[in-house]
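Please examine the sequence and the model shown below. The paragraphs that follow lead through them one part at a time.

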Amino acid sequence: MDKTRRDFLKIAGISALGLGSTPLRAALAESAAPKVEPTPEALGAKRWAMVVDLKKFQQSGEAAMKACVDACHSIHNVPDWGNVKDEVKWIWTTGFGHAFPSQEHKYLHDLEEHGMKGVPTAVMCNHCDNPPCVRVCPTKATFKRKDGIVLMDFHRCIGCRFCMAACPYGARSLNWKDPRGHIKTLNREFPTRTRGVVEKCNFCAERLAVGKQPACVDACKNGEILFGDLEDSNSDVRKALREQFAIRRKPQLGTQPQVYYIV
Amino acid sequence: MFEKVLTGSKGYYVWILILLGVIGFGFLNYLKQWTIGLGVTGMSRDVSWALYIGQFTFLVGVAASAVMLVLPYYLHDYKAFGKITILGEFVAVAAVTMCVTFIIVDLGRPDRAFNVMLYPSPESILFWDMVVLSVYMMLNLLVGWTVLGCEKRGAPPPSWIKPFIYLSIPWAFSIHTVTAFLYAGLPGRGFWLTAVMAPRFLGSAFAAGPALLIILCYLVKRLTGFDAGREAIKTLSKIVTYAMLATLFFMGCELFTVYYSQIPEHMHHFAYLFVGLHGKASLVPVMWVSATLAIVATVLLVIPTTRNNTTLLPILCAMVFASLWIEKGISLTVGGFIPNPLESITEYAPTFPEFFITLGVWGIGALILTLLYKVAVSVRLEEEA
Amino acid sequence: MYNAGKIIVGIIIFLVLFTFPFWYSKGKPGPAPKLELPKDAKQCVEATAYMKASHMQLLDSWRDSVVRDGNRIYVSASGKKYNMSLQNTCLKCHKTREKFCDRCHNYVDVTPKCWECHIAPEYKLPKEKVALRSE
């Protein structure tokens, strides 16, 4: 009886394996992929980058920076939790000493005599060329596109938050709870995210795809934030970098951040 | 063999019921977390890994400690460990199960957990962590169960199990090395960016694991009369001692590097943990408890009279375990996030749901350990009879 | 057979329970879901039969193409070009999730997670007060 039971189990196992391979065989038999193309008016680049002109922001004032932040957060349905624990932010204003901790010195406060308090600095994801967050993501939900933008695939993210630990700039936020209850105004053309996924600035990839500039760039009326292709020597960003000295956040870490700050 | 878990003393049933209660209550709290999200925990945008990942970090070391029995016994024929290798392997099974459970409990989208396998990312250390943990769990289950089953039938273990046993030795080192690499490879977290992170994990693993094993051997002897043997306990206690000395030495190396080089961003994490920073000091008392326990226990372990004192030894082991639980289970993870990359401080404290979920997972580990030990000890006691 | 009486009774009870859906509805299936089709468009992105069978595969390939490759235009089998978007293409025509998508999904008891993120036409923000962002 034992021997035939063992044989039965062997045959059952092999049959299960055979039946279980049906979807695999079906997938392999799939026909050619459908045709897709980019939008005709899409903006393309070899290496997107951003220049934040802190000198211009000093003239425009904090209201200008707030306008950039609000523009981004409103078109992307970013929730407003109102507390430091749950907050989700893609771009925000912070003091110079927080954006550039190694560059702070006590005489920066002398700038206050010129009306500036702590040199407010807009910070967001730097879309690094050597991004540690992409390296650590176990599902490639965070990935770098060919044009340099570090994007999130919200469908794939498992919420492990390894990318949040890896980011040297604190640019990423998790949705600790369902964000939908805390969205002030809804942009019906862009999805929300669900609880449990990480999000961050996406260089407005959805706007670039239809020929528009990032929302924060548009919101700044005096060119405080510039955006363009670093490999195009005529772009706004290359021109700015040719004419003025610029620094980046934590360059010594080798992440090759692509947001440059004119100081 | 599994039928052995179904019969036992009244105390055994009461213990199982208590564990099931703890697990059940933890599960109810997890349902709350499943519905609302990780926001029910104390984690924040700045402190994005905390108690769950800390527990995983600590337990991965305990899981690796089985190798401290397997290596001497199988590789060097150290016969004194013969009676208790199985106990070490079963601790590893329980600990690895808790590790995996803590990871799942910590995920923002656990329903998508299989994405790690569907979209393998060999550049990600988390991917390798999943690989090594899964294999280690299967290895220890396979080895433990096979060897025990053969013992029950009075037969020697089959020869095909030997390669698996030998594989489990370097594999044990791999699980906490890979977990250490999770931390040590991140450029933006100065508290963790140290080459001694993996050696530190080694040190605390081989102190906490054998310490737990000593305590468990004492418990098993009290409850069932199964005696691990005086020599085994003495050797284990020596392993704990040397591992604690190594741990303290590595900690000293960290403190020297950070404070002699005087780099502010690296000092800030230690300052926050041990003296407080910018008025925020919620973890300071906990850190000094951990440090005091570690130093006092190590000193008493080094002195042979106190180490060989059979009443004192389990207490010293509990001190070691508690100290390392605080260090790896809380301060390592949370300390790396405070201050945040922009040098501001968001403090962390666990919430009640988070605490009960954690307790529930420990309950699962304790239950698995109880059941496996019930089998192992019953088989062993039958043999001795 | 040992315990033949109990086993046969058990098998009969199992068969009764297993065939419950069939005899409970007396052989007549429930009414098929009625979908509210868009009034001003006759042609979907692909043929109806294909959409019925494979709309999820299509949406998945759209997702990967838009999110990961940056290509947003889909050239259908008929040669027409569409913007690959659930919210802005599919639902712009179909105009309703409850009277279209949900009807079949509820019938076969599947709960796709699209709507956790993608904004259905019927979705309205809850009227909670939102705390102003504190600096």
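The buried residues of helix H4 of chain A are Ala64(A), Met65(A), Cys68(A), Val69(A), Cys72(A), His73(A) and Ile75(A). A residue counts as buried if 20 or more other C-beta atoms lie within 10 Å of its own, as exposed if 12 or fewer do, and as partly exposed in between, with C-beta atoms placed from the backbone. Helices (H or I, at least four residues) and strands (E, at least two) are DSSP runs numbered from the N terminus. An α-helix has 3.6 residues a turn, so residues three or four places apart point the same way. The buried residues of H4(A) pack against helix H3 (54-60), strand S3 (91-94), strand S4 (121-124), helix H9 (215-219) and strand S9 (225-229) of chain A. Contact here means that the C-beta atoms of two residues, placed from the backbone, lie within 7 Å.

The model is predicted: local features need pLDDT of at least 70 and side-chain atom pairs count only at pLDDT 80 or more, while totals for chains, interfaces and linings use all residues. Residues are numbered from 1 along each chain as its sequence is written, and chains are lettered from A and ligands numbered from 1 in the order in which they are written.

The 14 residues of H4(A), residues 62-75, should span 20 Å at 1.5 Å a residue, and the end C-alpha atoms are 20 Å apart, which agrees; the expected span is 1.5 Å times one less than the number of residues. Just after H4(A), Asn77(A) takes a positive phi of about 55 degrees.

Elsewhere in chain A, Leu208(A) belongs to helix H8 (residues 205-208). Leu208(A) is buried because 23 other C-beta atoms lie within 10 Å. Leaving aside neighbours within four places in sequence, Leu208(A) is in contact with Ala42(A) and Leu43(A).

Chains A and C share an open sheet of 3 strands, in the order S1(A)-S1(C)-S2(C), with antiparallel pairing. Its edge strands, each pairing on one side only, are S1 (35-37) of chain A and S2 (81-83) of chain C. Two strands pair if DSSP finds at least two bridges between them; S1(A) and S1 (residues 73-75) of chain C have 3 bridges. Within this pairing, Glu37(A) stands opposite Ile73(C).

Among the 2 pairs of chains that touch, chains A and B have the most contacts. No contact joins chain B and chain C, whose closest C-alpha atoms lie 11 Å apart. Chain B itself has 14 helices and 0 strands, and 47% of its 385 residues count as buried.
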